[in-house]
Amino acid sequence: MMAPLSWYIVLGVVLFVIGAAGVLLRRNILVVLMSLELLLNSVNINFIAFGRQYGDFRGQIFAIFVIAITAAEVAVALGILVAFVRNKSTLKVDDVTMMKG
Amino acid sequence: MGQGFFLLFATVSVIAALTVVVARNPVHSALALMACFLQISAIFILLDAPLPAVIQIFVYVGAIMVLFLFVIMMIDVREAVLQRFLPGGNLPALVLLVLLGVEMFALVLWSKRFSVVEPAAVGDGDEIRKLSTTLFADYLLPFEAASVVLLAALVGAIVLARKGEG
């Protein structure tokens, strides 16, 4: 007995809202980046659930692409973070105002 | 049986996701995120998608989380532990979150198309072959573009994180 599609969608919604809360409310840049991963993963659940529902492989293929792009994003984001912390030695999101001039 | 497993994995993943957001220590957040990714890959297996499940474990749990833990160990996180949430008025963000959640829930629960348990085409055990044929025939150009993006990110991360002026 498979779970219906709406359950997977609801799980995706719950994880998306939790991840958005982390992005919007947390002060630590690292946790904000982790919450971003959570957002992308909830979208992946939707891709694969819909792909299975309609018997289409493209859901899985797009999920794989999302994972690959996420890996690139995390690498660049952590590189920027390391360079930033070396210059300013802070991890607070509201202190990152370097580009404001 | 599938429903019970789904409820188990979904509950654990939601609890782990909440732990990611409310944990004080970033290391705890990272470990909870790892647990959450493992549950999500189990959910992928429930969805008859073993390849994304394995890629999820390899890439997320094996590479990305290790990267996060290395960066946490590399930089001093002690001063950021003291204050979890942004100071001042979080009211607009909270209102936005509630609106977002209510809207998505309303849309999902309203629609009748999602509640149908439609037994999709049962696989004949040859799905990985078909999947990879689609991936490498129809989606070859995006695949190559993704590999170029990964290479650029690799070089960019090294240039950014290098000491001194680069």
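In what order do the elements of chain B run from the N terminus on? They run α-α-α-α-α-α-α, and the secondary structure of chain B accordingly lists seven helices and zero strands. Do keep in mind as you read on that this is a predicted model. Chain A also has zero strands, with three helices, and its elements run α-α-α from the N terminus.

Of the 101 residues in chain A, 52% are buried. Among the contacts in chain A with a separation of 6 or more, 43% are between residues 24 or more positions apart.

## Chain B and its domains

The domain assignment divides chain B into domain 1 (1–83) and domain 2 (128–166). The C-alpha centres of these two domains of chain B are 23 Å apart. Buried residues account for 23% of the 166 residues in chain B. If you take the contacts in chain B between residues at least 6 apart in sequence, 49% of them join residues at least 24 apart.

## A pair of helices to compare

Now turn to H5(B), which has 20 residues. From first C-alpha to last, H5(B) reaches 28 Å, close to the 28 Å expected at 1.5 Å a residue. The number of buried residues in H5(B) is zero, so this helix lies largely in the open.

## The largest nonpolar core

The largest nonpolar core contains 67 residues, and those with the most contacts inside it are Met34(A), Val20(B), Leu33(B), Cys36(B) and Ile43(B). Both chains contribute: at least two core residues come from each of H1, helix H2 (29–53) and helix H3 (58–88) of chain A, and from each of helix H1 (2–22), helix H2 (26–46), helix H3 (50–74) and helix H7 (140–161) of chain B. Domain 1 (1–83) and domain 2 (128–166) of chain B each give at least three residues to this core. As background, nonpolar side chains tend to be buried together in soluble globular proteins.

What does Met34(A) contact, leaving aside its neighbours within four places in sequence? Its partners are Val20(B), Ser29(B), Ala30(B), Leu33(B) and Phe68(B).

## Where the chains meet

The contact between the chains involves 71 residues of chain B and 63 residues of chain A. On the chain B side, the elements giving two or more residues are H1, H2, H3, helix H5 (91–110), helix H6 (127–137) and H7. H3(B) supplies the largest share of that side, 12 residues. By class, the side of chain B that touches chain A has 56 nonpolar, 11 polar and four charged residues.

You will find Ile75(B) in the loop between H3 and helix H4 (78–81) of chain B. Ile75(B) has 20 C-beta neighbours inside 10 Å and therefore counts as buried. Beyond its neighbours within four places in sequence, Ile75(B) is in contact with Val82(A) and Val85(A).

Ala32(B) sits in helix H2 of chain B. Is Ala32(B) buried or exposed? Ala32(B) counts as buried because 20 C-beta neighbours lie inside 10 Å. Leaving aside its neighbours within four places in sequence, Ala32(B) is in contact with Ala16(B), Thr19(B), Val20(B) and Ala23(B). Of these, Thr19(B) is 13 residues from Ala32(B) in sequence and 6.2 Å away in space, C-alpha to C-alpha.

Asp48(B) lies in the loop between H2 and H3 of chain B, and its phi is near 60 degrees, a positive value in a residue other than glycine. With 16 C-beta neighbours inside 10 Å, Asp48(B) counts as partly exposed.

Note on methods: Residues are numbered from 1 along each chain as its sequence is written. Chains are lettered from A and ligands numbered from 1 in the order in which they are written. This is a predicted model: local features need pLDDT of at least 70, side-chain atom pairs count only at pLDDT 80 or more; totals for chains, interfaces and linings use all residues. Domain bounds come from an automatic or database domain assignment. A nonpolar core is a set of buried Ala, Val, Leu, Ile, Met, Phe, Trp, Tyr and Cys residues joined through C-beta atoms within 7 Å. A residue is buried if 20 or more other C-beta atoms lie within 10 Å of its own, exposed if 12 or fewer, and partly exposed in between; C-beta atoms are placed from the backbone. Helices (H or I, at least four residues) and strands (E, at least two) are DSSP runs, numbered from the N terminus. Two residues are in contact if their C-beta atoms, placed from the backbone, lie within 7 Å. Ala, Val, Leu, Ile, Met, Phe, Trp, Tyr, Cys and Pro count as nonpolar, Asp, Glu, Lys and Arg as charged, and the others, Gly among them, as polar. The expected span of a helix is 1.5 Å times one less than its number of residues.
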